[in-house]
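Student: Could we go through this structure together? I would like to start with its pockets and then turn to the sheets and helices.

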Amino acid sequence: MVTSLHVPRLVVAAPSSGSGKTTVATGLMAAFAERGLAVSPHKAGPDYIDPGYHALATGRPGRNLDAFMCGPELVAPLFAHGAAGCDLAVVEGVMGLYDGAAGRGELASTAHVAKLLRAPVVLVVDASSQSRSVAALVHGFASFDPQVRLGGVILNKVGSDRHEVMLREALEEAGMPVLGVLRRAPQVAAPSRHLGLVPVAERRSDALAAVAALAEQVRSGCDLDALMALARTAPALDCEAWSAADALTRSRGAAPAPAPRTPQGPGTSAAPVVAVAGGPAFTFSYAEHAELLTAAGAEVVTFDPLRDEALPEGTAGLVIGGGFPEVYAPELSANEPLRKAVAHFAEQGGPVAAECAGLLYLARSLDGKPMCGVLDADARMSERLTLGYREAVAVSDSALAAAGTRLRGHEFHRTVIEPGAGTAPAWGFTRPERRVEGFVQAGVHASYLHTHWTAEPSVARRFVEAAANRP
């Protein structure tokens with residue numbers, strides 16, 4: 001049923017990456033949450049790491065809005081699903097405001113998401129090396145697409161009081177409100193490494209302190225009342241909120257989705273247990289995946305491959321998502337009991353869905369350290385970053401997808417696995433290049449490709465059915 005969603009909302013964008021979007025978006029979320037508001041956090045694009053900081057700032061799941069992987073038609077419904085009942089929603093953009101999927105125009109850009117959500121945009125500008133030129137920069141971004149409503153600017157990395165005066169004078173001439181001024185504050189920067197920020201799960205106490213510092217910086221440097229007033233100018237969003245149960249019912253070849261069950265503890269409910277890898281080494285997941293698995297009838301139980309020496313009791317399906325196994329290769333290798341348990345589960349035909357980090361964990365070795373040995377392949381770190389959206393078709397029937405299933409996804413890694421595909425590959429890429437990738441063997445589907453199951457909910461239903469009927 002289509003309803004009108006009246007949630008004040010802002011999109012935090014920037015002219016380019018590195019301008020301070022995450023700093024400002026996370027600080028705004030935390031500052032408004034400290035005021036007692038229920039803040040719904042969102043991230044444009046496929047990134048897994050920023051939503052972890054958003055969740056820490058708001059106490060709610062960080063949710064992605066990716067118009068390439070999920071389709072433009074799902075952006076508003078997924079937003080409505082996450083923002084229902086909230087006082088404010090903040091959407092952190094991706095890259096520069098108008099940067100989208102390569103060769104696809106505005107598709108999946110922050111501007112595209114802002115238009116789909118009919119939300120005003122706040123532009124975060126790194127002002128460290130400019131003064132009056134900031135007005136020309138902002139004017140260009142404000143006028144490039146008349147359908148994008150740029151409601152104001154937050155100036156970041158401002159050097160001095162005099163610098164701030166010059167910037168404000170220039171933007172006043174251009175008629176653009178200044179909604180905040182942040183001085184250089186490297187002490188609140190989150191540490192990063194080869195794939196971006198270090199995830200919250202790896203530094204929770206430090207991350208809490210960083211988020212608190214960001215909230216203080218934003219609270220002292222930004223006009224929160226003016227930002228809230230801007231957010232309230234967003235018109236009602238007329239759409240049907242996404243729900244996992246409805247999505248399963250409407251997906252291809254769907255039978256009515258079962259009512260979600262109330263777990264009584266691992267292995268004690270009638271639902272098949274789907275064990276999902278978590279902990280510091282496996283931090284990449286989309287909240288909707290667990291919701292789809294639950295709606296499909298599974299009992300979802302999280303385990304930590306760094307600490308747990310056995311799979312959860314009654315495990316009937318295994319999901320090993322993305323993360324940083326290369327950082328924890330010695331520890332993962334040292335947990336031999338769990339590696340053997342995973343290998344035994346796979347050898348018995350148990351359904352396994354592994355993405356990126358999960359692929360490496362199932363390999364024979366990672367940087368010379370023994371892994372689970374499910375796949376006859378070896379992985380290692382590389383100097384080359386593999387990054388980008390992909391269009392894929394399932395090459396082989398698996399517990400996750402029937403051959404011919406089409407999905408869009410993304411790759412994001414600095415590792416290589418040799419060979420790159422098994423005798424039964426997981427995916428065939430059609431764009432931007434043609435190649436096969438990944439492994440399907442027995443119940444295992446393992447690949448570098450990250451996917452968002454909301455685009456094809458049937459994969460969750462198929463996986464739970466495989467778990468319920470495992471050998």
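**Pocket, sheets and helices**

Tutor: The second largest pocket has a volume of about 880 Å³. A pocket here, on a 1 Å grid over the protein atoms alone, is an open set of points where a 1.4 Å probe fits, with protein on both sides within 12 Å along at least five of seven lines, and lining residues have an atom within 4 Å of a point. The volume is the space filled by probe spheres set on the points, which are joined across faces, edges and corners.

Student: What kind of model is this, and how are residues numbered?

Tutor: The model is predicted: local features need pLDDT of at least 70, side-chain atom pairs count only at pLDDT 80 or more, and totals for chains, interfaces and linings use all residues. Residues are numbered from 1 along each chain as its sequence is written, and side-chain values use heavy atoms, with hydrogens and water left out.

Student: Which residues are closest to the centre of that second largest pocket?

Tutor: Of its 40 lining residues, Thr283, Phe284, Ser285, Tyr286 and Ala287 are the closest to the centre. Helix H2 gives the largest share of the lining, five residues. Helices (H or I, at least four residues) and strands (E, at least two) are DSSP runs, numbered from the N terminus.

Student: On to the sheets. What is the strand order in the six-stranded one?

Tutor: The order is S13-S12-S14-S15-S23-S22, in an open sheet with mixed pairing. Two strands pair if DSSP finds at least two bridges between them. The edge strands, S13 (299-303) and S22 (439-441), each pair on one side only.

Student: How do S15 and S23 run, and how many bridges join them?

Tutor: S15 (residues 352-355) and S23 (residues 444-447) run parallel and are joined by four bridges. Ala353 has His445 in S23 as its bridge partner.

Student: And the seven-stranded sheet: what is its pairing?

Tutor: The pairing is parallel, in the order S4-S3-S5-S2-S6-S7-S8. Its edge strands are S4 (63-65) and S8 (178-183).

Student: Now helices H1 and H8. At what angle do their axes cross?

Tutor: The axes of H1 (residues 21-34) and H8 (residues 224-231) cross at roughly 95 degrees and come within 12 Å. Axes are lines fitted to C-alpha atoms, for helices over the stretch in contact (heavy atoms within 4.5 Å), and angles run from 0 to 180 degrees between N-to-C directions. H1 and H8 are therefore roughly perpendicular, a term for angles of 65 to 115 degrees.

Student: Which residues meet there?

Tutor: Leu28, Ala31 and Phe32 in H1 meet Leu224, Leu227 and Met228 in H8.

How values were computed. Angles under 35 degrees count as roughly parallel, over 145 as roughly antiparallel, 65 to 115 as roughly perpendicular and the rest as oblique.
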